Amino acid sequence: DLVDNVLRSLDPDGRAIVVLHYYLGMPLPEVAATLSIPVGTVKSRLHRALGTMRIAITDATDEPQRETIAGGQLA
């Protein structure tokens, strides 16, 4: 449910790319051809959409963030 809600909150361009690539299994060049946009545009929109999704899911789960302290140990 959480992923579906976050997916619905994406802009239409990002949502289309995520659905075509991850849900339908299309390779990025095929996604680009389907949407009539360059592969580089597909990659950048996918990167932006995944970042947005990652932030939204992290915020929704409210997991406490562990802080790194000197020496590389976690607090």
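This is a predicted model: local features need pLDDT of at least 70, side-chain atom pairs count only at pLDDT 80 or more; totals for chains, interfaces and linings use all residues.

Helix H1, residues 2-9, packs with helix H2, residues 12-23, at an angle of about 140°, and their axes lie 9 Å apart. Angles over 145 degrees would count as roughly antiparallel, so this pair is oblique.

Which residues of H1 meet H2? On the H1 side they are Val3, Asp4, Leu7, Arg8 and Ser9. On the H2 side they are Arg15, Val18, Val19 and Tyr23. Sorted by class, the contact of H1 with H2 has 5 nonpolar residues, 3 charged and 1 polar.

**The core**

Next, the nonpolar core. In soluble globular proteins, nonpolar side chains tend to be buried together. Here the largest nonpolar core has 15 residues. Those with the most contacts inside it are Leu10, Ile17, Val18, Val31, Val42 and Met53. Which elements give two or more residues to this core? They are H1, H2, helix H3 at 28-35 and helix H4 at 39-61. H4 gives the most, with 4 residues.

Setting aside neighbours within four places in sequence, Val18 is in contact with Leu7, Leu10, Tyr23, Leu46, Ala49 and Met53.

**A loop residue**

Now to the loop between H3 and H4, where Ser36 is placed. Phi of Ser36 is near 55°, a positive value in a residue other than glycine. Is Ser36 buried or exposed? Its relative accessibility is 65%, and exposed means over 50%, so Ser36 counts as exposed.

**The whole chain**

Finally, the overall picture. The protein has 4 helices and 2 strands, and along the sequence the pattern reads α-α-α-α-β-β. Of its 75 residues, 23% count as buried. The protein exposes about 5300 Å², with carbon and sulfur atoms supplying 55% of that area.

How much of the contact set is between residues 24 or more positions apart? Among contacts in the protein with a separation of 6 or more, such pairs account for 38%.

That is the last item, and I can take questions now.

How values were computed
Residues are numbered from 1 along each chain as its sequence is written. Side-chain values use heavy atoms; hydrogens and water are left out. Axes are lines fitted to C-alpha atoms, for helices over the stretch in contact, and angles run from 0 to 180 degrees between N-to-C directions. Angles under 35 degrees count as roughly parallel, over 145 as roughly antiparallel, 65 to 115 as roughly perpendicular and the rest as oblique. Contact means heavy atoms within 4.5 Å. Ala, Val, Leu, Ile, Met, Phe, Trp, Tyr, Cys and Pro count as nonpolar, Asp, Glu, Lys and Arg as charged, and the others, Gly among them, as polar. A nonpolar core is a set of buried Ala, Val, Leu, Ile, Met, Phe, Trp, Tyr and Cys residues joined through side-chain atoms within 4.5 Å. Buried means under 20% relative accessible area, exposed over 50%, partly exposed in between (1.4 Å probe, protein chains only). Accessible areas come from the Shrake-Rupley method with a 1.4 Å probe; for residues, only the protein chains shown count as cover.
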